[in-house]
Amino acid sequence: MPTFVVSIRLPETFDEEFISLIPQHRAFINQLLSEKIVEVYAISSDRSRGWVTMHGDDAAAVQAVVEQFPLFHHLQGVEIDELFIFDSAASRFPHISLN
């Protein structure tokens, strides 16, 4: 299944509605992580941007999942790019210890 990176732009200020949706959003992301739909979820330290690496049949399928994010309507922008190569230490076999 293809892998995509979703780049999101968060609002400059977080209003009460946005803040109230964060627990629901995190629960949804955690569900997607446990289902292996989302591989990586990251937010920049200044909380202005985020990146989600996820699997989907195509960009439209990924967009459909992103539109289910509880915070989706508050996002200032969403870009979806299909990756040609996605390699990470987390996806490799663990080192074997002979001890």
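Residues are numbered from 1 along each chain as its sequence is written. Because this is a prediction, local features need pLDDT of at least 70 and side-chain atom pairs count only at pLDDT 80 or more, while totals for chains, interfaces and linings use all residues; side-chain values use heavy atoms, with hydrogens and water left out.

Let's start with the sheet. It is an open sheet of 4 strands in the order 2-3-1-4, with antiparallel pairing. Strands here are DSSP runs of E with at least two residues, helices are runs of H or I with at least four, and both are numbered from the N terminus. Two strands pair if DSSP finds at least two bridges between them. At the edges sit strand 2 (38-43) and strand 4 (77-82), each pairing on one side only. On average, neighbouring strands of this sheet are turned by 15° against each other, direction ignored.

Now go through the pairs. Strand 2 and strand 3 are joined antiparallel by 5 bridges, and V38 stands opposite M54 in strand 3. Their hairpin has 5 residues between the strands, and there R47 takes a positive phi near 60°. Strand 1 and strand 3 pair antiparallel over 7 bridges, with M54 in strand 3 as the bridge partner of F4. Strand 1 also runs antiparallel to strand 4, joined by 6 bridges; in strand 4, I80 is the bridge partner of V6.

Helix 2 (residues 59-66) lies across strand 1, strand 3 and strand 4, at about 145° to strand 4. Axes are lines fitted to C-alpha atoms, for helices over the stretch in contact, and angles run from 0 to 180 degrees between N-to-C directions.

Leaving out residues up to four places away in sequence, T53 touches T3, F4, V5, I37, V38, E39, V40, L83 and F86, where contact means heavy atoms within 4.5 Å.

What about L10? Look in the loop between strand 1 (3-9) and helix 1 (16-34). L10 is buried too, with a relative accessible area of 9%. Beyond four places away in sequence, its contacts include F18, I43, R47 and L75. L10 and T53 are 43 residues apart in sequence and 17 Å apart in space, C-alpha to C-alpha.

Terms used
Buried < 20%, exposed > 50% of the residue type's maximum accessible area, 1.4 Å probe, protein only.
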